[in-house]
Amino acid sequence: MPSTVQDGLPGLDFPYRDGPTITEQFRAFDAQYPWIYRSLERLVEERLAAGAKRVGMKALFEALRWRQPAGVKGLNNNYTALYARRLLAAHPEWTSVIEVRRRRSP
């Protein structure tokens, strides 16, 4: 049975890079808006104090968006895993509360 080769499709010609990586974008965003990390940290603490056993980062992002009257410009859902990893680095006791998956890219 012949196999299909999909050469030439966008994104398959690794290492393809057009602009900064998500990690680079996250670092720039985090440096510009350090209060977002602190707000996420407080939201986790609030959820745990209310008895939560698990905390979802996407839910925290939405809660943060609702709490900010003008929204949070640039709070990209691509950053949820990076914020989760940053929170876990600072709070290893939360490893059973916040789930992260293995990264596919460096």
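Trainee: Leaving aside neighbours within four places in sequence, which residues is Phe 29 in contact with?
Mentor: Those contacts are Ile 36, Val 72, Lys 73, Gly 74, Leu 75, Tyr 79 and Tyr 83. Keep in mind that this is a predicted model. Phe 29 itself sits in helix H1.

Trainee: Why is Phe 29 called buried?
Mentor: Its relative accessible area is 7%, and the label needs a value under 20%. Phe 29 therefore counts as buried.

Trainee: Which other residues of H1 are buried, and what makes them line one face of the helix?
Mentor: The buried set in H1 is Thr 23, Phe 26, Phe 29 and Asp 30. Looking down the axis of H1, these buried residues fall within an arc of 125 degrees, so they line one face. Arg 27, Ala 31 and Gln 32 are exposed on the other side of H1. The cover over the buried residues of H1 includes H2 and H4.

Trainee: Now to the rings. How many aromatic pairs are there in the whole structure?
Mentor: The search finds 5 aromatic pairs.

Trainee: Why is the pair of Phe 61 and Tyr 83 called edge-to-face?
Mentor: Take the two values in turn. The ring centres are 5.9 Å apart, and a pair needs centres within 6.5 Å. The planes meet at 65 degrees, and edge-to-face asks for over 60. So the pair is edge-to-face.

Trainee: What parts does this pair tie together?
Mentor: Phe 61 lies in helix H3 and Tyr 83 in helix H4, so the pair joins parts that are 22 residues apart in sequence.

Trainee: How do you know whether these two residues are buried or exposed?
Mentor: Phe 61 has 0% relative accessibility, so it counts as buried. Tyr 83 is also at 0% relative accessibility and therefore counts as buried. Ring pairs link both into a cluster with Phe 26, Phe 29, Tyr 33 and Tyr 79.

Trainee: What makes Arg 86 a charge over the face of Tyr 37?
Mentor: Arg 86 is 3.8 Å from the ring centre of Tyr 37 and lies over its face. The distance limit is 6 Å.

Trainee: Let's turn to H2. How do you know that its length agrees with its number of residues?
Mentor: At 1.5 Å a residue, the 16 residues of H2 should span 22 Å, and the end C-alpha atoms are 23 Å apart, so the two agree. H2 is followed by Gly 51, whose phi is positive, near 105 degrees.

Trainee: Which residues of H2 are buried, and what do they pack against?
Mentor: Ile 36, Tyr 37, Ser 39, Leu 40, Glu 41, Leu 43 and Val 44 are the buried ones. They pack against H1, H3 and H4.

Trainee: Why is Glu 41 counted as buried?
Mentor: Glu 41 has 18% relative accessibility, and the cut-off is under 20%. So Glu 41 counts as buried. Beyond four places in sequence, Glu 41 touches Leu 87, His 91 and Trp 94.

Trainee: Which residues of the largest nonpolar core touch the most other members?
Mentor: Of its 24 residues, those are Ile 36, Leu 40, Met 57, Leu 75, Tyr 83, Leu 87 and Ile 98. Helices H1, H2, H3 and H4 each give two or more residues to this core. As for Ile 98, its contacts outside four places in sequence are Val 44, Val 55, Met 57, Ala 84, Leu 87 and Leu 88.

Trainee: What pattern does the chain follow overall?
Mentor: The pattern along the sequence is α-α-α-α, with 4 helices and 0 strands. Buried residues make up 28% of the 106 residues in the chain.

Notes. Residues numbered from 1 in each chain as written. Predicted model: local features only at pLDDT ≥ 70, side-chain atom pairs only at ≥ 80, totals over all residues. Heavy atoms only, no water. Core = buried A, V, L, I, M, F, W, Y, C linked by side-chain atoms within 4.5 Å. Buried < 20%, exposed > 50% of the residue type's maximum accessible area, 1.4 Å probe, protein only. Contact = heavy atoms within 4.5 Å. Phe/Tyr/Trp six-rings, centres within 6.5 Å; stacked < 30°, edge-to-face > 60°. Lys NZ or Arg CZ within 6 Å of the ring centre and 35° of its normal. Expected span 1.5 Å × (residues − 1). Arc of directions from axis to C-beta.
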